[in-house]
Amino acid sequence: MKAMVLAERGAGRVEPRDLPDPEPGPGEVLVEIAACGVCRTDLHVVDGDLPDPVIPLVPGHEIIGRVVGVGKGVGDLSPGVRVGVPWLGRSCGECRFCTTGRENLCERARYTGYQIDGGYARFTVADHRYAFRLPEGPSDVELAPLMCAGLIGYRSYRMAIDSALGAGRIGLYGFGAAAHILAQVARHDGREVYAFTKPGDDSGQRFARELGAVWAGGSDERPPEPLDAAILFAPVGDLVPTALRAVARGGAVVCAGIHMSDVPSFPYRILWEERVLRSVANLTRRDAREFLELVPRVGIRTRVTEYPLSEANRALDDLRAGRFEGAAVLVPQG
């Protein structure tokens, strides 16, 4: 099969290779890939920000495709079913985290496109427990960003509103793939969205307003009203104290990325008054079920830029440079 492969840790790019078609083992399904989103975490993997990826590696963890084969012990999925495969690809099912619905914290977890070959290819194999059945209707390309940007955004959103007791005003720092999905959920729930982009990013701010943001500005600006909660999608540690200063008493700041530059020291007074600072790790199957059921009710639409699989490096470069709005999606050809 055709695949784009990370051949060396920190190489910063992938290279085309012909690989044997994978075969599903016990508890696994073979998926023919129709689309795979290009996520900022892919950049962290390819650029070497995340340690110890499996090398050589097929990146990609926003996978949409159809089951074309099943291994022993798989009874819930059959050939022809459309599925989505996310970042969390496997958990042990036995530890104290897995047995309490927190498999996202499993110490023996394995991750798609990092320790398991992912979606920059024609086929992949996935643990059937982490291959989520998808409805017919939206296109494969439209659905791809939901499998990480949507799922992690949704978990971050739930943490924000739980920590801040409702969060009527919510700030989104970094208005890319995740934020443009989450803004639609927040507006559907009747919340005010405040969008923060790179300073001077007028097109990004217009995009946020198109999706219902009541205010959009640079990340160096203060919002016109104190926020109840803020979610950081930009992997910039300097934004943590900035966001803490922007939230009201009892507010929450949620760091949504898997990697972030160092957080600078900050005075205790901006954390005081019962503000909450927390991180998000991966996703749970409950998150996936809840979010995928919510998608048609909200009518979430993703804005995507499509690339052929062979141009994965161009997609990664465009993501680095912020050359598109919304999300990038790779599509296998031939």
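The model is predicted, so local features need pLDDT of at least 70 and side-chain atom pairs count only at pLDDT 80 or more, while totals for chains, interfaces and linings use all residues. Residues are numbered from 1 along each chain as its sequence is written, and side-chain values use heavy atoms, with hydrogens and water left out.

Q: Why is helix 3 called roughly perpendicular to helix 7?
A: Helices (H or I, at least four residues) and strands (E, at least two) are DSSP runs, numbered from the N terminus. Helix 3 covers residues 149-163, helix 7 covers residues 285-298, and they pack at an angle of about 100° with their axes 10 Å apart. Axes are lines fitted to C-alpha atoms, for helices over the stretch in contact, and angles run from 0 to 180 degrees between N-to-C directions. Under 35 degrees counts as roughly parallel, over 145 as roughly antiparallel, 65 to 115 as roughly perpendicular and the rest as oblique. So helix 3 ends up roughly perpendicular to helix 7.

Q: Which residues of helix 3 and helix 7 meet?
A: Contact means heavy atoms within 4.5 Å. Gly150, Leu151, Tyr154, Arg155 and Arg158 of helix 3 meet Arg286, Asp287, Ala288, Glu290, Phe291 and Leu294 of helix 7. Sorted by class, that's 5 nonpolar, 1 polar and 5 charged residues. Here Ala, Val, Leu, Ile, Met, Phe, Trp, Tyr, Cys and Pro count as nonpolar, Asp, Glu, Lys and Arg as charged, and the others, Gly among them, as polar.

Q: What makes the link between the side chains of Thr197 and Gln205 a polar contact?
A: The term needs a pair of N or O atoms within 3.5 Å; within protein, one must be able to donate a hydrogen and the other to accept it, and residues adjacent in sequence count only if both atoms are side-chain atoms. The Thr197 and Gln205 side chains are joined at 3.0 Å.

Q: How do you know whether Glu274 and Asn282 are buried or exposed?
A: Check their relative accessibility: Glu274 has 69%, so it counts as exposed. Asn282 has 10%, so it is buried. Glu274 sits in the loop between strand 14 and strand 15, while Asn282 is in the loop between strand 15 and helix 7. Phi is near 65° for Glu274, a positive value in a residue other than glycine, and Asn282 also has phi near 65°.

Q: What makes Pro235 buried, exposed or partly exposed?
A: Its relative accessible area is 22%, so Pro235 is partly exposed. Pro235 lies in the loop between strand 13 and helix 6.

Q: What makes helix 6 mostly covered?
A: Helix 6 (residues 239-246) has 6 of its 8 residues buried. They are Leu239, Val240, Pro241, Ala243, Leu244 and Ala246. These buried residues pack against strand 10 (169-173), strand 13 (227-232), strand 14 (247-255) and strand 15 (276-279).

Technical notes. Buried < 20%, exposed > 50% of the residue type's maximum accessible area, 1.4 Å probe, protein only.
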